[in-house]
Amino acid sequence: MSQPILTMRGISKRFPGVKALEEVDFELYPGEVHALMGENGAGKSTLMKILSGVYAPTEGTIRLKGRDVVFHNPMNAQRQGVSIIHQEFNLFPNLSAAENIYIDRPDITGRFGFIKWPKLVREAQALIDSIGGGIDVRREVQHLGVHSQQVVEIAKALSFRADVLIMDEPSATLPENEVQNMFEVVRRLRHQGVAIVYVSHRMKEIFEIADKVTVLRDGKKIDTRPIGEVTEQKLIRMMVGKEVGNLYPVRITEGQPQQVLQVDEMSLDASHKVSFELHKGEILGLFGLVGSGTHTVAERLFGLRKGTGDVYILGKKVRIGSPLEAISHKVAYVPPDRHRQGLIKPMTICQNLSLNLLKDYTKGMLLDRKRVKQVSETYMQKLRVKAPNDQHIVDFLSGGNQQKVVLGKWLATEPNILILEEPTRGVDVGAKAEIYQIIHQLAEGGLSILLISSEMPEVIGMSDRILVMHKGEFVHEFRRGEVDQEQLLKRASNPRLHEEAVP
Amino acid sequence: MSTSLLFRAIQPFRVNKMLTLLLLFAAMLVFFSTRSPYFLTFNNFMNVLNQMVEVGLIAIPMTLVIISGAMDLSVGAILGLSAVSLGLAYESGMNIWLSVIVALLVGSLCGSVNGYLIARHRMQAIIVTIGMLVMLRGMIYVLNEGRPISGYPEPFYFLGQHAIAGIPVNAIFLIVMFLIATFAMRRTRFGTYVYGLGNNEEAVRYSGVPVVRIRFTLFVLSGLFSAMAGVFLVSRLASAEATSGTNIELDVITATLIGGTHIFGGRGSLTGTFMGLLIIVFLRNGLNLMGVSVLYQSVILGILILIAVGKQKV
Amino acid sequence: MRRALEIREAPIVVFTFMVGIFFSLMSSSFYQMDNVELILSQITTNGIVAIGMTMVILLGGIDLSVGSVLALVATSVGLFISQGLLPWQAALLGIGIGVLCGIFNGYFIAVMNIPDIIVTLATMFIFRGLAVGISGGTWMTNFPAAFQFFGQGTVLGISFPLLMVIFFAVLFALALRYTPFGRRVYAIGGNKSAAKLAGMSIAKTKFMVYVYSGILASVSAIIFASKVGSVQASTAGNNLSFEVMAAVLIGGGSIFGGVGTIVGTMFGVLLMGMIKNGLVIAKISPFWVDATIGFLIILAIVINTLQRIRQSKKREGDLV
């Protein structure tokens, strides 16, 4: 094979208190599709951010086209030939596709600094046609479909004469039938000699499109192999590694027969409906890849999104049209993003812990300050929030303690059903174990828990039952002990798996 | 450990801010007293107190509205419309106190239109209230065609022109309102919600708090207090005019921002606003005594706004 | 597509014609040639200022100070002339003052990062106060006959102010469409973070837009002073920023930025001018004019918000 176009040597990246990447080597050849795989937190996104100029590596060197390079920012990386296409597109919805591709570039202006529209349109159209886009580049981007918008993103990257193109979960936002079109574009690029880094969880896609695969785990590179030398089984094993067993407490009961929540044909969007039930004291895990709809399930149950279908709590049909109604039916929801949805960070622990129930702590017109104090101190203690007192500002707490405050503010509502979404995101291992212990105790105490998480070990370690979701549907149900990460990932990434294929 | 240190470092800073305002205020008093012998007299002080009531009353809800992360530019127009409504109602033969109630209702109604559009339909507060400002000013002229309405019964002047133990009645009312509002912000859940809205509206919504209702209430309060200000203004000047309350929003917003309320919401206090209020009314009074024209004064207020906001970090 | 662009202005064009027909039915003098000329001459000051406001709103901003800039420039031009400067010298100096006002706004908004609403609210009072200060609070009336050309002269039979409106409208329409600066204005208004990623300097573009807004307001001020012949610093251009903002929003501009065209704005200005004139001609109280403008602002934002809701609904079908 020819010379590598890109070589990364000994790349390390440290954040305060965390080693995100350790001594990673990575090589990329022209005209190859190189899949980058790893679990959440394995270091994929850090590596991509270094490659696209968002972060500077703490240690290590990058060679591009035979020269040592440093990327100062994403624009700089792009000019040197490395472009990235994010899951979230960075397009101007109010401008034409042609302009989105060539915006603010000297090569389309004429002598007096005027934009040459005919040239702009012609070149953009040629570029789009060269990758088989089939878009009229004069149309405004807001009127284009998702696939076409992605094509515009790709064309924009190529317009910088990209030698290296990074695609971050390119299929996540696409409807199923568009994925093949996207592959068509990727194949053309490969044929033109572009090196593509393809980041995805989806096994089926990796085997269909990639030439090579590199697996990361815990910030280290595990291996790089040609795709022909690996099987799905092998890949998953490389990604997962050894189990971290003792993080998860051992369950004593595993839920009681009494049914607490029953969901009947609840709509997620126009074409997808789900049904399931949750028992007293049960931890029900919900797992799916990006775009599978697990988050929507939580939003619907908590009244944040409207739709059709019936919800029964303790056998009674209920209407949940707003968070307020959800709370009154004793449903609590720990949202995935504690910074945006969970906490008011510039305010005190006490104010955050009592926020949900201030109405109940009001006597006449005034707040019953004694009760507020009592509740906030109780839950601070119960959850072992580490802070001098409850007048401490939440912003100054560590991630783990912040998460405990979110948990506490919802437990203070004394719910019957607790929805947890990504309960340990951005939390260190010690706090993780503590939070698992708390969840465990709650379930043992009879609380019904719906655990939504993208971390497989967490779902497997904590859940009594696991529902696997794929594109808005439940595709499989596992019981505790029936499943390991390999099988879970297989089911989540490839729903049309035949029963006999599972060993 | 380091976090609690940081926290301790911030507490005195807050005290400092109050202290800065107090020092600024004191320095101003000293300066003006050297300029005009009349400045530092009891009569002048009571005069200032008497004149600050309209701005002060509106500054109360304005502080809350800005803390919640919004803005109300229609307060001056609401004041004007309420004042004229009061005059028209009285002219039409209504009892004066009933006319006052009409004025308050008109103000609350305007506020609720603002609130409905901004809270319920999530429209931009600035544009909606600018639209209201222009529309209401127009309606004032439509209603009374620009002529002043005067000639109210004697008891009505009690509100704006009388004094108890030498202190103007309206100033006493203002201070009582400030105390009630401060108390309410500290001791009711409403206060917590207002700060919460300004800091992180989404988290407040996720906590099952009726966000729409709170925002709506804020704008209704803003309308109600503007109407109250209108009533006191008519009583003080003995006349309801179409131009009543023009440009009052500059004084109100300046007082609020000088008082440390953050332009992006989430931070601020009524105590700060009260200090800001004292600073700008005594500033205006001192400049008046020195013979500086009213419109020149607005240059100084404008610059004060820029300084106050320029120091705030995002 | 180009056709889609045209369609965007269609509602305002249709609406303008409907209002025209309405007033023509109300009063036959509405569509007389001299009334049409009157309307056209009445909208020139607003028209020129509205061009700057269109760019400000395209960036998702707002400029409340244009009326005060107009007052300041008009009074200073009056002052320069009474100091013995020639009309064209006074006019050039006046535009220089407009530039300074724009730089002042632009500095605090783009460089100091203070919200535009606060900055322009403050400068609205600062500039007005300065205007009153330098005029001594009296009317400026001593404009010489030669100065009247700016507001009342004609070139090739067309009134000079109208020519200026057309000139600046075409100039900035072309600039918005054919220069990188213009496309940056749209891009930043459409998606700020993408603009940043594409390496655009948001501060620089913003700064320039406020400078242009200052220049256009000062041009408008000269025409205004020449046309009315007497300027009072405390009232000149009092409601200008609101009226002009209304014209831009009615003309299809979005307060969220990124949407709007000069052509649309010009129709917005024309519509407002027709309504103002029509209310008087149809013998409805002139006091209704302000009320109507305020109502139109609110109507424009209601339409804006409805469009936004419709767009986000389109996207809501997706999971995640």
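1. Buried area is the accessible area (1.4 Å probe) that two parts lose on being put together, summed over both. With that in hand, look at chains A and B: about 2500 Å² is buried between them, and carbon and sulfur atoms give 63% of that. The size of an interface is often given as the accessible area lost when the parts come together.

2. Some ground rules before we go on. This is a predicted model, where local features need pLDDT of at least 70 and side-chain atom pairs count only at pLDDT 80 or more, while totals for chains, interfaces and linings use all residues. Residues are numbered from 1 along each chain as its sequence is written, chains are lettered from A and ligands numbered from 1 in the order in which they are written, and side-chain values use heavy atoms, with hydrogens and water left out.

3. Back to A and B. Contact here means heavy atoms within 4.5 Å, and 33 residues of chain A are in contact with 23 residues of chain B. How many salt bridges are there between chain A and chain B? The count is one, where a salt bridge is a side-chain nitrogen of Lys or Arg within 4 Å of a carboxyl oxygen of Asp or Glu. The pair is Glu202(B) and Arg340(A), at 3.3 Å from N to O.

4. Which parts of chain A do the touching? Helices and strands are DSSP runs numbered from the N terminus (helices: H or I, at least four residues; strands: E, at least two). The elements giving two or more residues to the side of chain A that touches chain B are α10 (323-328), α11 (338-342), β18 (366-367) and α14 (399-411) of chain A. The largest share comes from α11(A), with four residues. By type, that side of chain A has 20 nonpolar, eight polar and five charged residues; Ala, Val, Leu, Ile, Met, Phe, Trp, Tyr, Cys and Pro count as nonpolar, Asp, Glu, Lys and Arg as charged, and the others, Gly among them, as polar.

5. Now hop over to chains B and C, where the contact takes 36 residues from chain B and 36 residues from chain C. About 3200 Å² is buried between the two, with carbon and sulfur atoms giving 89%. On the chain B side, Ile127(B), Val134(B) and Leu306(B) lose the most area to chain C, together 19% of what that side buries.

6. What about salt bridges between chain B and chain C? The count is zero. On the side of chain B that touches chain C, α6 (125-144), α11 and α13 (294-310) of chain B each supply at least two residues. Helix α6(B) gives the most, with 13 residues. Sorted by type, this side of chain B holds 27 nonpolar, eight polar and one charged.

7. Over all chains, a search of the whole structure finds 34 salt bridges. One of them pairs Lys65(A) with Asp163(A), the closest N and O atoms being 2.8 Å apart. This pair links distant parts of the chain, 98 residues apart: Lys65(A) is in the loop between β4 (59-64) and β5 (67-69), and Asp163(A) in the loop between α5 (146-159) and β7 (164-168). Buried means under 20% relative accessible area, exposed over 50%, and partly exposed in between (1.4 Å probe, protein chains only). At 48%, Lys65(A) counts as partly exposed.

8. Glu184(A) is partly exposed at 42%, and Arg187(A) is partly exposed at 27%.

9. Are Arg284(B) and Asp251(B) buried or exposed? Both are buried, and their side chains meet in a salt bridge at 2.7 Å, N to O. Arg284(B) sits in helix α12 (residues 270-289) and Asp251(B) in helix α11 (residues 248-258) of chain B, so the pair ties together parts 33 residues apart in sequence.

10. Last stop, chain C. Of the 20 residues of α6(C), 17 are buried, so this helix is largely enclosed by the rest of the structure. Just after α6(C), Gly136(C) takes a positive phi of about 70°. Ser65(C), in the loop between α3 (44-58) and α4 (66-82) of chain C, is buried at 0% relative accessible area. Not counting residues up to four places away in sequence, Ser65(C) touches Asn105(C), Thr120(C), Thr123(C), Met124(C) and Phe127(C).
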